[in-house]
Amino acid sequence: MLKRVFWFLLCLASTTDSIMAGIHRAPVIVQADSIKQVSRYPLKFYRVYRVNATGEAVQIPFQIDEVNEFGDYILDQGKNVNKKTSNGIFDLNDELSFMGDDVGPVGNPTKWPDDRKPNLVYELRLQYGKDKEKVGAVYIGLFFRAPPEPMSQKYVIFDLNADVIKTARFEYHFDKKNYLVVKKIDMVRPREGSEPKTIVDSSTFFMNADLKYFLTVSANHRSVNSQLEAFKVGPVRTIVRVNFVYSFLSLKFEVGMYTEVSFFSNSVILPAVIYNPIDGIRRLNDGSGFYYGFALKESPETYQFKTNMEKHGSEKNALMKLIDQTKLQSMYWASLIAEDHMIYLEMRPSKQMLKDENVPVYYTDKLKSSDMSSRNNDDISPLGKSPVNLALYFDLKKFSKGDHLMSFQLFFENKNDPDVIDSFRGLSRWRSSLKRL
């Protein structure tokens, strides 16, 4: 049900610091339909390689995720699996993913592990715009009989019993009562033997719908029915399907959200379809809004903070609002850099949202999480009264009735490197080309 927006999507992740010969610190996700020449074969036939300095092909971890005719990932674990919709073929909107850190130089492989050359070999070349210095490649091999064992290395681990995602960069602890928010996020410290460091104590979302001529309805993550339906654990990413439904009392209105969250080794990618049953412009008063926020362990003021979003609550006259209409962005971002870690947020509104000028603004509170301990995260509270010191806020009056597709991305790095932040914003410039060797 989630429409695949980009055929070539670069989203942040990372392997280990020992593998730094890649083109960037991001995985590459490529749809089968965009590389038809190498698609249409059974999943078990595929292996992916890089070339080292001596021309030897070295196998790298990769993952193929099937997407069925309804647009859903095929997930094989959980309460509501959909394995029966799998055809076992890499085709259509299925996705091949691998780490950008694992991408090697361009070069024709001359030697293969155990002298087992694939029956077919394709070069997938990646290049940053027209920059000939920023280029690399992986080699997709097809074995029609008895392919070699795939690599056992995993970059992401999902511990369902503890409800935690573990990677070499962070540990993401689900809130067991609602999988759309987090209990906490710990940053893994590079030094061996060091305990993880908590950087986020909790998260929450809040909605306030002030209906004209009727009543005001408020809700948060404790007001909705949320369920983890199914999941898939792979070597490159873990995919978790979550949905929730909220009913407006006896109004027979239901707000629904459906998402398949992807966890990479230092990122959380959340494309979501939100169904809005209310025409905000016609049915809601000013002040109706929605936010998703975090309780950062430390005050946002301790970070080097940059963003292209407007600040929540900033007043503008009619002329400034008219000027800002020409400045709408297809991507909104914020970066927070601390002494030993970095956080990067990115949000892409749908085309309809941009048409309606429905874009996020940011909110910050100078307090750290311990200063907000008297604020209960279970309470339905607006900004300034909830335990939130960083949030993205939307004006509900600008939400038209119907489905809205938006994408949130949250990235982590357990070191201070502003150049990495800069590279995140330029990932859309990478291009790919495919040829048979």
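Contact means heavy atoms within 4.5 Å. With that in hand, start at one residue. The model is predicted.

**A buried arginine**

Arg 241 lies in strand S17, residues 238-247. Which residues does Arg 241 touch, not counting residues up to four places away in sequence? The list is Asp 72, Tyr 73, Leu 75, Asn 80, Asn 82, Gln 227, Leu 228, Glu 229, Ala 230, Tyr 258, Thr 259 and Glu 260.

Is Arg 241 buried or exposed? Its relative accessible area is 3%. Buried means under 20%, so Arg 241 counts as buried.

The backbone oxygen of Tyr 73 lies 2.7 Å from a polar atom of the Arg 241 side chain. The side chain of Glu 260 makes a polar contact with the side chain of Arg 241, at 3.5 Å.

**A covered strand**

Now turn to strand S7, residues 95-99. Five of its five residues are buried. Both faces are covered. On one side sit Glu 95, Ser 97 and Met 99. On the other sit Leu 96 and Phe 98.

Which strands pair with S7? S2 and S5 do, and the table sets them out.

| Partner of S7 | Residues | Sense | Bridges | Opposite residues |
|---|---|---|---|---|
| S2 | 27-31 | antiparallel | five | Val 30 and Leu 96 |
| S5 | 62-65 | antiparallel | four | Asp 65 and Glu 95 |

Phe 90 is in the loop between strand S6 (77-78) and S7. Phe 90 is buried, with a relative accessible area of 1%.

What does Phe 90 touch, leaving aside its neighbours within four places in sequence? Its contacts include Glu 95 and Leu 96, both of which belong to S7. Val 30 is another contact, and Val 30 stands opposite Leu 96. Ile 64 is also on the list.

Phe 90 and Lys 44 are 46 residues apart along the chain. Their C-alpha atoms are separated by 9.4 Å.

**An open sheet**

Five strands form an open sheet. Their order is S4-S3-S9-S8-S27, and the pairing is antiparallel. Which strands stand at the edges? They are S4 (57-59) and S27 (430-436). Each has a single partner strand, so one side of each is left without a neighbour in the sheet. Neighbouring strands of this sheet are turned by 35° against each other on average, direction ignored.

Three bridges join S4 to strand S3, residues 46-51. The two run antiparallel. Val 51 stands opposite Ala 57 in S4.

**Two nonpolar cores**

In soluble globular proteins, nonpolar side chains tend to be buried together. How many residues make up the largest nonpolar core here? It has 71. Tyr 172, Phe 263 and Phe 412 touch the most other members. Strand S13, residues 178-187, gives the most to this core, with six residues.

A second, separate core has 28 residues. Among them are Tyr 41, Leu 126, Leu 427 and Trp 430.

Go back to Phe 263 in the largest core. Not counting residues up to four places away in sequence, Phe 263 touches Val 156, Ile 165, Tyr 172, Phe 174, Val 236, Arg 237, Thr 238, Val 240 and Val 268. One of these, Tyr 172, is named with Phe 263 among the residues that touch the most other members.

Note on methods:
Residues numbered from 1 in each chain as written. Predicted model: local features only at pLDDT ≥ 70, side-chain atom pairs only at ≥ 80, totals over all residues. Heavy atoms only, no water. Buried < 20%, exposed > 50% of the residue type's maximum accessible area, 1.4 Å probe, protein only. Pairing = 2+ DSSP bridges. Polar contact = N/O pair within 3.5 Å; in protein donor to acceptor, adjacent residues only side chain to side chain. Axes fitted to C-alpha atoms, helices over the stretch in contact; angles between N-to-C directions. Core = buried A, V, L, I, M, F, W, Y, C linked by side-chain atoms within 4.5 Å.
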